[in-house]
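Trainee: I would like to learn how to read a few features of a model. Could we take them one at a time?

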Protein chains: 2
Amino acid sequence: MATALASQDGAVQRRGMAKAITLLESTRDDHRAQADALLTEILPRTGQSLRLGISGVPGVGKSTFIEALGLFLIQHGHRVAVLAVDPSSSVSGGSILGDKTRMEQLSMHSQAYIRPSPSSGNLGGVAEKTREAMLVCEAAGYDVVIVETVGVGQSETAVAGMTDMYVLLQLPNAGDDLQAIKKGVMELADLVVINKADLDAHAATRALADISANLRLHAHHGAGDPHDQATYWQAQVMQLSALKGDGLDRFWAAVTRFKTLQTGNGHWADKRRHQASAWMWERIQAGLKQQFANHPAVREALAPTTEQVLQGSLPASTAARRLLSLFAHFSGDKNA
Amino acid sequence: MATALASQDGAVQRRGMAKAITLLESTRDDHRAQADALLTEILPRTGQSLRLGISGVPGVGKSTFIEALGLFLIQHGHRVAVLAVDPSSSVSGGSILGDKTRMEQLSMHSQAYIRPSPSSGNLGGVAEKTREAMLVCEAAGYDVVIVETVGVGQSETAVAGMTDMYVLLQLPNAGDDLQAIKKGVMELADLVVINKADLDAHAATRALADISANLRLHAHHGAGDPHDQATYWQAQVMQLSALKGDGLDRFWAAVTRFKTLQTGNGHWADKRRHQASAWMWERIQAGLKQQFANHPAVREALAPTTEQVLQGSLPASTAARRLLSLFAHFSGDKNA
């Protein structure tokens, strides 16, 4: 399968990618072992892409923006993969990228690969599958990987935590801006794009000023001397019209400048290492909680113990110690 | 020991409290078992106090404010306990409440009880001990428990998570306000107090407007209809001078109104239940991580595995699964 990913034959490679990602998304134990073997095998060929996170509320024009950007990048010699993190897709049964007609031209292009969001139930699971799919795309030689999210329950944080640069799309009206500020999403942004700026030039100008002030207040990203523009990236905001294709060159120039600065001041590699370590611990914590909840003794005691805590008849810390000792006892570790 | 807490003799009760809290702070296993027994015994006599979190940067006048407020409340028939969460105390060896001369009058008063921050190494540990000390104070009949923090590494979040109402003290100058907004602390506040307002009336007025605008944007606390002031608490800001004792009556009126509203709309009890459940899970997660890190097989593999992840030769999710399976294997649970 790893060989198919490196194939020069586009159709073979595409089938290899689909097969690999399906394997990664499988929950069967034997598949999981194969998936781990595959990931380890391809790892040396990963990490070379620019990982771009893009989010924004429904209606902001994410699809239009990503399609226009993707075609622009392909024109300039890049190969573009588009993935998604949508924790709601498991509930709705749909997916923000399920409908490929959303990006009709891009999805048909030989130098683009579009994959809908996995639907594995919770954000942690969805994010894990997307991270792994990203590695597959990189092994297949895609040098720009775009991860899209619609912003359901912390998915912005998950996407910002798996990409090199996080871009927030905004509409040119204040209500929408306030929403992002309220939710703390603005603070994650390396770059804010006011899309559909042509619809209301006056509102867009005001939004530009508001967001710019907010970014100066909140967003501090990485290394370098904040007073030295040659080494330090200050989060910024720009206007654009994806529908008209107006501003894509300026957008990509900003992304390139971001990469140059952050590579130069060391933040690019630091962030990748930090993300890898955080990812490992996030999965460990999730796994421990699962082992805990699945333990027979804990499973039996958890509901009545929680009820006692909620009713105020058992101190929370005592309840925690009691459940932990059941777990440690059952697992044969009496010292824990 | 539980009997001493209920004693009518002030000196006996005070010794009982000190002994109980020292027991709770002990790390010895047999002490821990006694502590759990004590907590469970006193639990029915806890929960009746108003739990007030207070934070602010050094120099904002926390000690002066708490002393003035404490004496004001005692005058009005209350009994006041003051605890602290200072995760840096274990490093510095000191404690923000170690020096009792900071609150000279209050600390000598028979109706006040002041206890410095425990120094148990990390925020989770410090917060746990303070939560438990709070229960001891309640069992001893203190009806206002103030938990102070200086705002080191998320300690504000910990204190907001263990109190009914969270108050942020601010200086009357914008630089300081921006600091709290930047750190996201402002969003936790149910009430912001601009202390030392008499020092610079002009700056205090400007700060009032700035903070008020920020609170309308960010702070949304609890239940009720946001458009109905009779049921909904909108986070607010007020000026005060603790040194002159000016504004303490207005402060306490706001606290009382907060309690009435939140009790009426159900948020008070909901928040307590949510805090108890969150506390239990926080301790479970910490305990699991500790059991994990102490497991012989995991301990042996953790450092080299982490190194491989950081160097990019092992996928993070594969590393997590590998370590988790060592843990599950050693604990005899092969299905986990």
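Trainee: In what order do the 7 strands of the open sheet in chain B lie?

Mentor: Keep in mind that this is a predicted model. In chain B the order is β3-β2-β4-β1-β5-β6-β7, with parallel pairing. β3 (112-114) and β7 (236-239) of chain B each have a single partner strand, so one side of each is left without a neighbour in the sheet. On average, neighbouring strands of this sheet are turned by 20 degrees against each other, direction ignored.

Trainee: How many bridges join β6 of chain B to β7(B)?

Mentor: There are 4, between β7(B) and strand β6 (residues 191-194) of chain B, and the two run parallel. Within β7(B), M238(B) is the residue opposite V193(B).

Trainee: How is the packing of two helices described?

Mentor: By the angle between their axes and the distance between those axes. Here, helix α3 (residues 29-42) and helix α7 (residues 123-139), both of chain A, pack at about 45 degrees with axes 10 Å apart. α3(A) is therefore oblique to α7(A). Their crossing is left-handed. From α3(A), the contact uses R32(A), L39(A) and I42(A); from α7(A), K129(A), E132(A), L135(A), V136(A) and A139(A). By class, this contact has 5 nonpolar, 3 charged and no polar residues.

Trainee: What relates two copies of a chain?

Mentor: A rotation about an axis and a shift along it. In this model, chain A is superposed on chain B by a rotation of 180 degrees with 0.0 Å of shift along the axis (RMSD 0.0 Å). The two copies are thus related as by a two-fold rotation axis. Of the interface residues of chain A, 100% are also interface residues in chain B, so the copies meet through the same surface.

Conventions
Residues are numbered from 1 along each chain as its sequence is written. Chains are lettered from A and ligands numbered from 1 in the order in which they are written. This is a predicted model: local features need pLDDT of at least 70, side-chain atom pairs count only at pLDDT 80 or more; totals for chains, interfaces and linings use all residues. Side-chain values use heavy atoms; hydrogens and water are left out. Axes are lines fitted to C-alpha atoms, for helices over the stretch in contact, and angles run from 0 to 180 degrees between N-to-C directions. Angles under 35 degrees count as roughly parallel, over 145 as roughly antiparallel, 65 to 115 as roughly perpendicular and the rest as oblique. A crossing is left-handed if the near helix is turned anticlockwise from the far one by less than a right angle, and right-handed if clockwise. Contact means heavy atoms within 4.5 Å. Ala, Val, Leu, Ile, Met, Phe, Trp, Tyr, Cys and Pro count as nonpolar, Asp, Glu, Lys and Arg as charged, and the others, Gly among them, as polar. Copies are superposed by least squares on the C-alpha atoms of residues with pLDDT of at least 70 in both. Two strands pair if DSSP finds at least two bridges between them.
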